[in-house]
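Here is a short tour of some helix geometry and charged side-chain pairs. Have the structure open beside you as you read.

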Amino acid sequence: MSFLKSLLEELQEQLQNEPTNLTAAQVADAAESERLNVTLAGGVMSRLKQQALAEGRSCSSLANFLIEEGLRRHGTLS
């Protein structure tokens, strides 16, 4: 058996032994940051858009900042 053929078979065997279906929890655990979907009341979203525009940043960037700041103020983050 040639070297390349044996290497190919070894790689195929490794791929077959690996889990192919990852759960959302496994993906989240591997991620350094995660995505969150939040539904905001119309008035809150309007205020968020206005503030983000005034600061020259995206709504998601401002929302991330506000969540982190709120958690720090409540002692959850250091």
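This is a predicted model: local features need pLDDT of at least 70, side-chain atom pairs count only at pLDDT 80 or more; totals for chains, interfaces and linings use all residues.

Residues are numbered from 1 along each chain as its sequence is written, and side-chain values use heavy atoms, with hydrogens and water left out.

Let's begin with helix 3, residues 42–55. Helices here are DSSP runs of H or I with at least four residues, numbered from the N terminus. The expected span is 1.5 Å times one less than the number of residues; for the 14 residues of helix 3 that gives 20 Å, in agreement with the 20 Å between its end C-alpha atoms. After helix 3 comes Gly56, with a positive phi near 70 degrees.

Now to the charges. Side chains of opposite charge can pair when their charged atoms come close. With a salt bridge taken as a side-chain nitrogen of Lys or Arg within 4 Å of a carboxyl oxygen of Asp or Glu, the count is three.

| Salt bridge | N to O distance |
|---|---|
| Glu55 and Arg57 | 3.0 Å |
| Glu68 and Arg72 | 3.7 Å |
| Glu69 and Arg73 | 3.5 Å |

Glu68 and Arg72 lie four residues apart in helix 4 (residues 59–73), so about one helical turn separates them. Glu69 and Arg73 are also four residues apart in helix 4, again about one helical turn.

How exposed is Arg73? Its relative accessible area is 68%, which makes Arg73 exposed (over 50%; buried is under 20% and partly exposed lies in between, with a 1.4 Å probe and protein chains only).

Note on methods
Helices (H or I, at least four residues) and strands (E, at least two) are DSSP runs, numbered from the N terminus.
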